[in-house]
Amino acid sequence: MAGVTDRPFRQLCRQLGAGLAVSEMVTSDTRLWGSRKSRFRLDHCGEMAPVSVQIAGGDPEMMAEATRENVRRGAQIIDINMGCPAKKVCKKAAGSGLLRDEKLVADILQAVVQSTSVPVTLKIRTGWCPDFRNGTTIAKMAEDAGIAALAVHGRTRACGYRGEAEFDTIADIVSRVKIPVFANGDITSADRAREVLDYTGAAAVMIGRAAQGRPWIFREIAHFLATGERLPEPTLDEVRKILLTHLGELHRFYGELMGVRIARKHVGWYLKTLANSESFRKTFFQIENAEVQNASVHEWFERRITRGAQAA
C-alpha cells in the first residue's frame, strides 16, 4: 500500500472506522530520509493515536536505528514489513524476500524489539513460495522475539497478488501462537471479514486494496461484526462529501502540484465503484488545478444526484 496509505488516507480511514492505520513503508536507511518521498511518509503531525510506523530493510542494526529514530519522532508502534512482494524491495533482501532467510529474520526481530519499549508488530506472507510455506515457523520466531502482534497475508511472495488468498496457513498460525494474529488478503466485504475470522480464529482482519475508493468499508465491517447488521451503501451525497474531504486533505498535505497529481488515482478508485463514470474519469485526469478538481467532482455528483431525484 505504499503510495496509498499516506497521512490523509490514514486519517480518513480512522474516521470511518478503522481501528489502526499503519504508515506507508519507510526505508530503514535513515540516510535516505531527506528525500521528498520519505519526508511525506515520516509526517505524522496531528495523526490519531496510536501512530504506527512501518519500516523495511534487511540489516538488523539499521532496522534498530530506524526504530529508535521513528520512536523519537513520535511513533507509538513499530511495524516490520516482511510482506511486500515488490521486486525492488525483495531484491534488497527486504519485505517478503526476507522469508527465505530465517536466521536473518530472527536477527532483525531481536534487534528491533530490543531497541525500543514501544510495541513492535510484524507483517508477513505465508511463505516464500507454495512449496516453502514457512509462515508458521516465522510466527513462532516472532512470538519468541517479543513481537506484540502479527499480520499475515494469505499468499506467498511468489504468488504476488495472483490467484486467491488461502487461509489454512493463517489458521495454523493462529493455533500455534498466543499473540494476536490479523488475517489479510481478499477481504472485500463485511460478510467476507466474518467468514475469515470464523475460519481462521484470527483476532482481527487487515484491509488493504479493498479500501481504495471505499474507505467506508471499515465502518461496514466494524458494524457488522458488532451487531450482525449490514449497513446500507453510502448515498451519492455522502460519497461526494467523503471524496471532497479527501481531496482537500491531499491538496493541503502535498501542496497543489503534487496534490493534484496524487488526487487523480484516488478519484479514479472512488469512481470505479460508480457506473457510467468512465468519461468523467478521463476528463478529471487532465485537470491541473486543485480548485477545478474540487468543482468538477462536486458538479459531477450534483448532476447524478439531481437525475436520481428526478427519476424517483
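Predicted model: local features only at pLDDT ≥ 70, side-chain atom pairs only at ≥ 80, totals over all residues.

Me: Why is Ser38 called buried?

Reply: The relative accessible area of Ser38 is 9%, and buried means under 20%, so Ser38 is buried. Ser38 belongs to helix H2, residues 36-41. Leaving aside residues up to four places away in sequence, Ser38 touches Thr27, Leu32 and Trp33.

Me: What makes the pair of Ser38 and Ser35 a polar contact?

Reply: The two side chains approach to 3.2 Å. A polar contact requires N or O atoms within 3.5 Å, and the contact between Ser38 and Ser35 is therefore counted as polar.

Me: Why is Arg68 called partly exposed?

Reply: Arg68 has 41% relative accessibility. Partly exposed covers what falls between the buried limit of 20% and the exposed limit of 50%, so Arg68 counts as partly exposed. Glu65, with a relative accessible area of 34%, is partly exposed as well.

Me: What makes Arg68 and Glu65 a salt bridge?

Reply: Their side chains meet at 3.2 Å, N to O. The cut-off is 4 Å between a side-chain nitrogen of Lys or Arg and a carboxyl oxygen of Asp or Glu, so Arg68 and Glu65 qualify. Both residues lie in helix H3, three residues apart, and are thus separated by about one helical turn.

Me: How do you know that Glu69 and Arg73 form a salt bridge, and is each of them buried or partly exposed?

Reply: The closest N and O atoms of Glu69 and Arg73 are 3.0 Å apart, which is within 4 Å. Glu69, at 15% relative accessibility, counts as buried, whereas Arg73, at 44%, counts as partly exposed.

Me: What does the salt bridge between Glu24 and Arg41 tie together?

Reply: The closest N and O atoms of this pair are 3.5 Å apart. The structure holds 22 salt bridges, and a network of them links Asp237, Arg240, Lys241 and Glu302.

Me: How do you know that the length of helix H5 agrees with its number of residues?

Reply: Helix H5 comprises 13 residues, 102-114, and at 1.5 Å a residue it should span 18 Å; its end C-alpha atoms are 18 Å apart, so the two values agree. Among the buried residues of H5 are Leu104, Ile108 and Val112. The buried residues of this helix pack against H3, E3, E4 and H6.

Me: Why is strand E3 called mostly covered?

Reply: Six of the six residues of E3, residues 77-82, are buried. In a regular strand the side chains alternate between the two faces of the sheet. On one side of E3 stand Ile77, Asp79 and Asn81, on the other Ile78, Ile80 and Met82, and all are buried.

Me: What makes E3 a partner of both E2 and E4?

Reply: Pairing requires at least two bridges. Four bridges join E2 to E3, and five join E3 to E4, so both pairs meet the requirement. Each pair runs parallel. Ile80 is the bridge partner of Ile55 and stands opposite Leu122 in E4. E2, helix H3 and E3 together make a right-handed β-α-β unit.

Notes: Residues numbered from 1 in each chain as written. Heavy atoms only, no water. Buried < 20%, exposed > 50% of the residue type's maximum accessible area, 1.4 Å probe, protein only. Helix = DSSP H or I, 4+ residues; strand = E, 2+ residues; numbered from the N terminus. Right-handed = clockwise from strand over helix to strand, strands pointing away. Expected span 1.5 Å × (residues − 1). Contact = heavy atoms within 4.5 Å. Polar contact = N/O pair within 3.5 Å; in protein donor to acceptor, adjacent residues only side chain to side chain.
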